[in-house]
Amino acid sequence: MSMLLKSIEKKINIDKEVIGVLPKTGIKQLRSIKKKVENLIEKYDKINNSVVKEMNKRYDSIITIKENSEIESVKKQIIELDNLGISSNVPSSFEKMGLDKIVYNLNGYYKKDLKTINKEIIKCIKKFKEVGVPITKKDFNISEYVTEYMNVLFEEASKGDLESERIKSTFDKVYWKCSDIIPHIIVNIRQFFGIHEEEIDMYYKNRTEKVLASLNLTYEEVYNKKQELVKKMNSLISLDGKNILDSFLNNTYNVSDYKTDNYEKIYEKIISKPVSELLPKEKKDMDSNVENLHYNLIEYYNYLEFKFLIDEILKLREEKRAEIKKEEEEKKNKSKDKKNKNKNKSEYETVKEEIKQLNEEIEKLNLSGKSENTKFSLFKKKQQKDIDSNNDEKILERNKKIMQVKELYAKFDNCRLKESVIQNIGDTTTLLEVLRIASYYYGFLARCIIKKFPTIVENEIHDMIARIKKFVRLNYFSVINHIIIAEKKDISIVIKDKYKLFGMTLTKDNFSEANLEELMKDIQIIKVYNDIIKSNILIDDVRYIINAKEILKR
Amino acid sequence: MEGKNNIKLSDVENDELIEIQKVVNDFLNYLKSEYENIEKMEEERS
């Protein structure tokens with residue numbers, strides 16, 4: 001304590017004593033003391049103002065610390081690489097376009113309002129335009145209901161009014177004629193995609209090739225470059241005073257954890273001896289191990305959160321392998337029976353053919369009973385009030401087929417996913433790659449999330465999917481990108497054993513569900529404490545900001 | 001503001017500066033409460 005605090009305390013004690021001993025019996029005495037207290041208030045107000053002024057001055061000088069400009073530059077490079085528009089060969093164009101998400105959202109139409117549904121439809125229209133295959137109102141022709149509604153939606157959307165009365169009244173009118181209007185739209189979109197799938201595949205293929213050629217990089221090289229940049233960004237952020245201070249201000253870190261004695265206590269717990277016993281070189285190496293362990297634990301923690309998706313994908317793989325085995329056996333048995341061609345086809349091929357056939361039947365029904373070769377003669381005749389019961393039956397039959405094909409599309413998505421799993425996942429595929437494959441399929445992710453968390457709400461599903469996609473896309477990995485599925489390893493043991501070799505006292509128990517967060521916090525405290533020492537901010541300054549913030553009401 | 005040995009506010013450590021502010025502020029609150037008490041006593045006696 002400096003002389004200044006002592007001197008102020010001494011003055012205060014004297015002034016307090018003076019007030020205390022002064023007689024307060026008569027009115028004159030009271031007035032005299034009042035004057036004395038008034039003077040003291042004035043005096044100490046001045047002192048307080050000087051102190052607060054100095055506090056504000058220090059606060060401003062610390063709080064205005066600027067972020068290392070390199071961080072923004074690295075972030076920009078990562079975003080640029082992430083938005084290159086190059087795509088993996090694993091998902092189909094359907095997923096690349098985001099149609100899986102749109103179809104998922106439209107399928108849950110009964111949980112949403114009309115405005116949201118319309119937004120999804122418009123998003124879909126924009127996606128087709130983006131890939132060079134614009135879908136127009138003429139293409140929405142699977143049923144007269146779809147045509148009627150989409151004509152209005154296109155017109156109103158061009159005016160920028162997705163909530164117009166005309167849209168609402170048209171929807172209302174159409175809905176009472178056909179409550180399956182949204183499933184009809186979904187099937188219409190899927191049909192259109194099916195017709196143009198090859199062109200869309202070419203669009204993505206050409207775009208990826210063009211971008212990679214301009215960069216003179218392969219897809220893997222772009223991915224690795226992004227990984228390295230993420231690693232660099234993590235390191236820059238860790239050592240950046242502004243980011244460190246923000247982490248304390250937003251309560252990610254607690255200033256009371258970052259006292260030297262606490263740091264030493266935790267360090268001792270981790271290495272089973274006082275940190276002071278480490279030689280400088282040993283301490284440096286151990287700090288580096290702690291830093292690596294910190295990132296490994298975060299990766300492991302996230303892996304545990306999303307492990308259920310890896311399990312589901314591997315379950316699908318097993319199912320598909322069993323199917324293939326069964327199909328092969330059937331093929332062997334029926335190879336003599338050449339008439340039974342269909343039985344030799346995979347489920348994927350069979351469903352694809354069934355969809356094609358049903359779509360043709362829908363088309364035929366739409367064109368039937370007409371004089372001119374245009375669609376919806378059924379509808380036209382109705383409009384002309386020339387209703388004939390035969391046409392009504394055909395409409396009913398067509399509607400039934402639309403709903404059947406919708407179910408088949410759902411089955412087809414599952415078959416596509418299984419095909420992708422069997423084609424892209426082998427015994428030497430890493431856990432990260434499995435998770436990445438899972439992340440491409442929106443509908444699959446949503447189904448798995450609902451299975452795991454039955455009470456989850458729609459927004460939370462979307463948020464979780466966004467986090468999964470971000471996790472696999474924008475992270476630096478050093479554990480799950482090395483562990484292959486055939487090994488069936490317990491990752492916690494892999495991590496524990498590695499750091500035990502480097503002198504850390506870790507047990508399996510540290511990685512249990514009950515203790516993992518505590519271990520992560522301990523390792524984080526050591527790592528962040530070391531980072532602060534290497535950074536451009538002092539822990540004393542951080543502590544000052546946290547304490548002064550409350551006093552200064554800033 | 002300077003102390004007996006000419007220590008300036010700008011020379012004190014962060015923790016101490018906050019401590020000074022707390023001590024001064026507490027005393028100011030004490031003085032203000034004393035002032036109110038005296039005023040009450042004054043009213044009662046006048």
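Axes are lines fitted to C-alpha atoms, for helices over the stretch in contact, and angles run from 0 to 180 degrees between N-to-C directions. Helices here are DSSP runs (H or I, at least four residues), numbered from the N terminus.

The model is predicted: local features need pLDDT of at least 70, side-chain atom pairs count only at pLDDT 80 or more, and totals for chains, interfaces and linings use all residues. Residues are numbered from 1 along each chain as its sequence is written, chains are lettered from A in the order in which they are written, and side-chain values use heavy atoms, without hydrogens and water.

Helix α13 (residues 280-334) of chain A packs with two helices described here. With helix α19 (residues 458-473) of chain A, the axes come within 11 Å and cross at roughly 125 degrees. α13(A) and α19(A) are therefore oblique to each other. Angles under 35 degrees count as roughly parallel, over 145 as roughly antiparallel, 65 to 115 as roughly perpendicular and the rest as oblique. The crossing of α13(A) and α19(A) is left-handed (the near helix is turned anticlockwise from the far one by less than a right angle). Contact means heavy atoms within 4.5 Å. On the α13(A) side, the residues include Tyr303(A), Phe306(A) and Leu309(A). Among those of α19(A) are Met464(A), Ile468(A) and Phe471(A). By class, this contact has 7 nonpolar, 1 polar and 3 charged residues. Ala, Val, Leu, Ile, Met, Phe, Trp, Tyr, Cys and Pro count as nonpolar, Asp, Glu, Lys and Arg as charged, and the others, Gly among them, as polar.

The axes of α13(A) and helix α20 (residues 491-501) of chain A also come within 11 Å, crossing at roughly 175 degrees. That makes α13(A) roughly antiparallel to α20(A). Tyr303(A) of α13(A) takes part in this contact too. Ile491(A), Ser492(A), Ile495(A) and Tyr499(A) come from α20(A). The contact of α13(A) with α20(A) has 6 nonpolar, 4 polar and no charged residues.

Helix α3 (residues 69-82) of chain A packs against helix α10 (residues 219-238) of chain A at about 155 degrees, with the axes 9 Å apart. α3(A) and α10(A) are therefore roughly antiparallel to each other. Their contact includes Ile71(A) and Leu81(A) of α3(A), and Leu229(A) and Met233(A) of α10(A). It has 10 nonpolar, 1 polar and 6 charged residues.

Between the chains, 41 residues of chain A are in contact with 37 residues of chain B. Together the chains bury about 3,700 Å², 71% of it on carbon and sulfur atoms. Buried area is the accessible area (1.4 Å probe) that two parts lose on being put together, summed over both. In chain A, Leu4(A), Lys34(A) and Arg58(A) lose the most area to chain B.
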